[in-house]
Amino acid sequence: MSAWTLIVLTAALLLVPALLRPGRPASRRAAYWVGDIEVGLVPLWWLGRTYCRVWHRLPFEGWAPLPDAGPAILIANHTCCIDHLLLQARCQRLLGFIIAREMYELPLVHRFCVRTGCIPVDRDGRDIRATRAALRALEEGRVLPVFPEGRITPESGRALGPMRSGAAFLAVRSGAPVVPAFISGTPATIDIGPSLWRPSRSRVLFGPPIDLSDFHPDQAADKEVLAQVCRRFDAAFRELQARSLASEVQPTPRQATAGVGSVE
């Protein structure tokens with residue numbers, strides 16, 4: 001048995017019972033560690049963060065620039081199945097992701113999804129219930145992470161898919177601040193298994209909030225407005241992508257000094 005298998009099994013034995021226990025009575029208020037992360041979820045948060053730091057070499061470059069409280073939308077490019085873990089590892093706010101309904105309803109996953117505020121969605125792209133649930137989450141002051149591409153682009157951040165209008169609609173309709181994140185260096189696969197077990201040098205870069213102050217909630221159904229917002233999302237991603245690629249080609253201090261005094 002490998003060391004990583006032992007770690008995963010130990011974590012499952014310790015954490016899964018806590019996740020599957022019945023929810024608290026409505027009369028009891030949950031205790032929170034920071035932001036909106038329950039104290040009971042902190043061990044799982046630390047486990048996920050350690051996994052990302054060790055197995056995927058995720059560097060810590062500061063926390064996500066999310067507000068300490070209140071609603072926000074965190075948009076990110078979608079590179080593989082561990083993007084959710086990488087984003088949460090860099091956030092001190094709880095991220096309730098929008099996930100496929102068939103995953104949400106799995107017995108071993110459902111309780112965890114409920115406790116973390118995940119939102120189930122049908123894959124047909126016309127799930128009004130999911131849209132309403134997302135807007136309700138923002139009204140409740142939660143952080144809503146969204147992948148505007150709507151699907152995985154398994155190129156480790158070297159390519160971006162077209163922006164779909166769903167995230168733009170939520171941003172305009174809610175008026176919540178929108179923070180962009182760019183993920184790179186992840187395993188180039190759409191499969192869950194290789195995403196989890198294949199080591200990588202992943203990275204998450206955050207940009208400043210995207211200015212959407214010139215739009216109003218009543219314009220959320222305007223296709224031209226949504227197209228403009230999508231273009232701003234795409235521009236924010238490409239700026240972060242350029243920063244990510246530039247940092248990859250810059251020499252390390254050791255490489256920069258290796259040629260000092262050498263003769264060509």
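Predicted model: local features only at pLDDT ≥ 70, side-chain atom pairs only at ≥ 80, totals over all residues.
Start with the stretch from residue 1 to 28: its pLDDT stays under 50, and the model gives it 27 contacts beyond four places in sequence.

**The nonpolar cores**
- The largest nonpolar core has 34 residues, and the members touching the most others are Ile73, Val178, Leu212, Val229 and Phe233.
- At least two residues of this core come from each of β3 (72-76), α6 (128-139), β6 (143-146), α7 (165-174), β7 (178-184) and α9 (223-249).
- Helix α9 gives the largest share, with eight residues.
- Take a look at Phe233: setting aside residues up to four places away in sequence, its partners include Ile75, Pro148, Met163, Val178 and Leu212.
- A separate core holds 27 residues, including Ile99, Val143, Ile183 and Phe206.

**A buried arginine**
- Find Arg93 in the loop between α3 (83-89) and β4 (98-100).
- Arg93 has a relative accessible area of 5%, so it counts as buried.
- Its side chain makes a polar contact with the side chain of Asp36, at 3.2 Å.
- A polar atom of the Arg93 side chain also sits 3.0 Å from the backbone oxygen of Gly70.
- Beyond its neighbours within four places in sequence, Arg93 is in contact with residues including Ile37, Leu66, Asp68, Gln88 and Arg142.

Key:
Residues numbered from 1 in each chain as written. Heavy atoms only, no water. Core = buried A, V, L, I, M, F, W, Y, C linked by side-chain atoms within 4.5 Å. Buried < 20%, exposed > 50% of the residue type's maximum accessible area, 1.4 Å probe, protein only. Helix = DSSP H or I, 4+ residues; strand = E, 2+ residues; numbered from the N terminus. Contact = heavy atoms within 4.5 Å. pLDDT = per-residue confidence, 0-100. Polar contact = N/O pair within 3.5 Å; in protein donor to acceptor, adjacent residues only side chain to side chain.
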